[in-house]
Amino acid sequence: MAAPILNIGASEAEVSAQLCDLVISKANAAIKERGIFTFGVSGGSAAKFLCNGLPQASTDWSKWRIFFCDERLVPFSDPECTYAFYKANLMSKVPISEDYFFALNSELPVAEAAADYENKVRSVFPEGIPRFDVLSLGMGPDGHTCSLFPGHPLLKEASKIYAPISDSPKPPPQRVTLTYPVINNAACCVFASCGASKADIVQQVLEGKSDEPLPAARVRPTNGEVIWILDKAAAGKLQAAL
Ligand SMILES: O=C1O[C@H](COP(=O)(O)O)[C@@H](O)[C@H](O)[C@H]1O
């Protein structure tokens with residue numbers, strides 16, 4: 001298990017550019033090697049960072065297979081719907097087929113929606129624990145990542161690819177999330193976080209010592225890398241950045 005790699009950008013725009021450059025270079029390498037790029041995307045600020053730079057990518061979009069690291073169980077018309085954000089800010093700008101940007105069926109009850117989404121993942125990863133080329137992750141001010149929240153029983157979920165959650169402390173309450181066995185089987189997990197409001201939690205996750213690590217600190221792929229891309233404000237309390 002490799003130690004996290006830390007990259008610090010001068011500004012949010014630089015963080016966004018570094019994240020997009022990393023994803024595009026991993027995508028083009030995977031496509032060259034295996035003819036396919038499997039990518040997990042998050043909502044919140046990470047979605048904005050990706051949508052700033054990915055539309056300019058020089059890549060073969062027909063080879064990308066995009067899934068959600070987590071998604072909220074709300075209709076496409078709801079402003080909280082992450083799929084709708086990517087549809088407006090990425091899918092409308094690049095030639096990726098809707099068949100390969102896998103949406104959550106928000107008309108199903110949450111447990112069925114998670115099982116249905118798991119079947120979609122199985123269309124690309126027919127067996128075993130899926131190994132995504134890249135998971136683009138965000139971290140909330142409480143240290144959550146995907147929809148895995150501090151102290152929640154889902155931190156221990158070990159049998160599902162995607163788990164339903166109906167009591168998310170951050171609204172909306174019903175969501176579907178990747179689980180740790182899949183997250184920690186990825187080839188690359190990349191966090192992008194910006195702003196002084198994230199500085200304390202970034203410091204706790206990257207330099208804190210606890211018997212109960214925060215959800216973002218549990219992202220440690222056994223045979224992959226973890227990269228953190230931060231702006232100066234988010235990295236402001238790290239000893240490693242001094
Ligand atoms: O609710 C969510 O929050 C996290 C963190 O979002 P951020 O805006 O604080 O970066 C996000 O990664 C996750 O996908 C989303 O559902």
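Gly35, with a positive phi near 80 degrees, follows helix α1. The model is predicted: local features need pLDDT of at least 70 and side-chain atom pairs count only at pLDDT 80 or more, while totals for chains, interfaces and linings use all residues. Residues are numbered from 1 along each chain as its sequence is written. Helices (H or I, at least four residues) and strands (E, at least two) are DSSP runs, numbered from the N terminus.

Helix α1 covers residues 12-34; at 1.5 Å a residue its 23 residues should span 33 Å, which agrees with the 32 Å between its end C-alpha atoms. The expected span is 1.5 Å times one less than the number of residues. Among the buried residues of α1 are Val15, Leu19, Val23 and Ala27. Here buried means that 20 or more other C-beta atoms lie within 10 Å of the residue's own, exposed that 12 or fewer do, and partly exposed is in between, with C-beta atoms placed from the backbone.

The sheet itself is open and has three strands in the order β4-β7-β6, with antiparallel pairing. Its edge strands, each pairing on one side only, are β4 (70-72) and β6 (162-165). From one strand to the next the twist averages 15 degrees. Two strands pair if DSSP finds at least two bridges between them. Three bridges link β4 to strand β7 (residues 175-178), and four join β6 to β7. Thr177 in β7 stands opposite Asp70 and is also the bridge partner of Ala163.

In a regular strand the side chains alternate between the two faces of the sheet. In β6, both faces are covered: Tyr162 and Pro164 are buried on one side, Ala163 and Ile165 on the other. Helix α4 (residues 110-122) lies across β6 and β7, at about 165 degrees to β6. Such angles run from 0 to 180 degrees between N-to-C directions, and the axes are lines fitted to C-alpha atoms, for helices over the stretch in contact. Contact means C-beta atoms, placed from the backbone, within 7 Å.

Asp70 also belongs to the residues around the ligand, which include Ser42, Met139 and Lys170.

How values were computed: Near = placed C-beta within 6 Å. Contact = placed C-beta atoms within 7 Å.
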